[in-house]
Amino acid sequence: MRGDHACRAYRALLLLHPRRFRRDFGDAMVQLHRDRRRDGTSWFRDVADLLRSVPVQHKEALRTMTTSGKLVTAAITTGVCVATFAVIGGGYAALTLTLLLAWIVAALLRERSGQPAGTTSWKTTGWKLAALGAGTFAVAFVFFGGPWPDSWREAVPGDVAWGVGFLAFVGSIVLVTVGLLTVVAGHVAGRRLSR
Amino acid sequence: VFHLLLALREGEQHGYALMHRVEDLTDGTVRMGPGTLYGAIKRMLADGLIEESDERPDPALDDQRRRYYRITAAGERACAAEVDRLETLLRNARLARTELGTA
């Protein structure tokens, strides 16, 4: 690949990185790539390096994401699951949803363990759990009650839809309840400590 | 990260110069591409080990799009601590080798 085309292709591949990383370092990376090309470095070598850094940066972006960001990601992923349901069937989507749920729980636990012990962190965690529950409920509501075509509904096996629906609705109610109880517990403990 | 800190102890540098300096410091064994380099720079900026410099050389001599970085006091401390750690490791390794040799 030659000259400007190579740099344009490299810049296009930067789209694979998280937006913030791209905004902060995208221009500098293209500039460095251009300098290296002048030195005779192969285009493929820099692209291989770029592709290696993509999962690393996405992993870091997920780690530092706020809870609301995680909920947005969960909503987007659920949207992808809906499309997956329509195209390849329910099994893969159910698996994706399970993995997503495991990831959200793990992220919340990690976030919790990184906070100092105290009633404030309990209240914060409670609100986060409640928000996660409400978000899950909203997503499930759209997922099962949305105006999707009949052909899409028929593509989902009944037992899979029932299982996912049960998990989503019961899970969201449990999350909201546990979250609100945690907030109340944190509030009560905080009042006792302040006396 | 350690190699980058070592390179930056010599003064402010931009990505391209840093990459070459790291290659020199490691006799060419560590070769960083743009993704690896700026991934490490991002982490070092977040950890406060380095900072971006506002000062620019003469525009006639350098591309204004380049970003310059310099080491911070925390970066100096981290670098010194790593040098100490490696010195201790090397001393102990040499000692162990001598003892093995005389056993």
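## The largest pocket

In this predicted model, the largest pocket has a volume of about 710 Å³. Its lining is made up of 20 residues, and those closest to the centre of the pocket are Arg20(A), Phe21(A), Ala61(A), Thr64(A) and Lys42(B), so that both chains are represented in this central group.

Three helices each supply at least two residues of the lining of the largest pocket, namely helix H2 (19–39) and helix H3 (43–63) of chain A and helix H3 (34–46) of chain B. Sorted by class, the lining of this pocket holds nine charged residues and eight nonpolar ones, together with three that are polar.

## The interface between the chains

The size of an interface is often given as the accessible area lost when the parts come together. Between chain B and chain A the buried area is about 1,700 Å², and carbon and sulfur atoms give 55% of this area. In terms of residues, 22 of chain B are in contact with 19 of chain A.

Two salt bridges are counted between chain B and chain A. In a salt bridge between the two chains, the side chains of Glu60(A) and Arg43(B) meet at 3.2 Å, taken from N to O. The polar contacts between chain B and chain A come to nine residue pairs, where both residues of a pair are at pLDDT 80 or more.

On the side of chain B that touches chain A, the elements giving two or more residues are helix H2 (15–25) and H3 of chain B. H3(B) gives the most to this side, with 10 residues. Taken by class, the residues on the side of chain B that touches chain A comprise nine nonpolar, seven charged and six polar.

## Enclosed cavities

Rolling a probe the size of a water molecule over the atoms shows where empty space is left. For this model, the count comes to three cavities of 30 Å³ or more, and the largest cavity has a volume of about 60 Å³.

The largest cavity is lined by residues of both chains: Ala28(A), Gln31(A), Leu32(A) and Asp35(A) from chain A, and His14(B), Gly15(B), Tyr16(B), Tyr38(B), Arg66(B) and Arg67(B) from chain B. H2 of chain A and H2 of chain B each supply at least two residues of this lining, with H2(A) giving the most, four residues. By class, the lining of the largest cavity divides into four nonpolar, three polar and three charged residues.

Notes: Residues numbered from 1 in each chain as written. Chains lettered and ligands numbered in written order. Predicted model: local features only at pLDDT ≥ 70, side-chain atom pairs only at ≥ 80, totals over all residues. Heavy atoms only, no water. 1 Å grid on protein atoms, 1.4 Å probe; cavity = no way out; pocket = protein on both sides within 12 Å on 5 of 7 lines; lining within 4 Å. Points joined across faces, edges and corners; volume = space filled by probe spheres on them. Nonpolar A, V, L, I, M, F, W, Y, C, P; charged D, E, K, R; others polar. Contact = heavy atoms within 4.5 Å. Buried area = accessible area lost by both parts, 1.4 Å probe. Salt bridge = Lys/Arg side-chain N within 4 Å of Asp/Glu carboxyl O. Polar contact = N/O pair within 3.5 Å; in protein donor to acceptor, adjacent residues only side chain to side chain.
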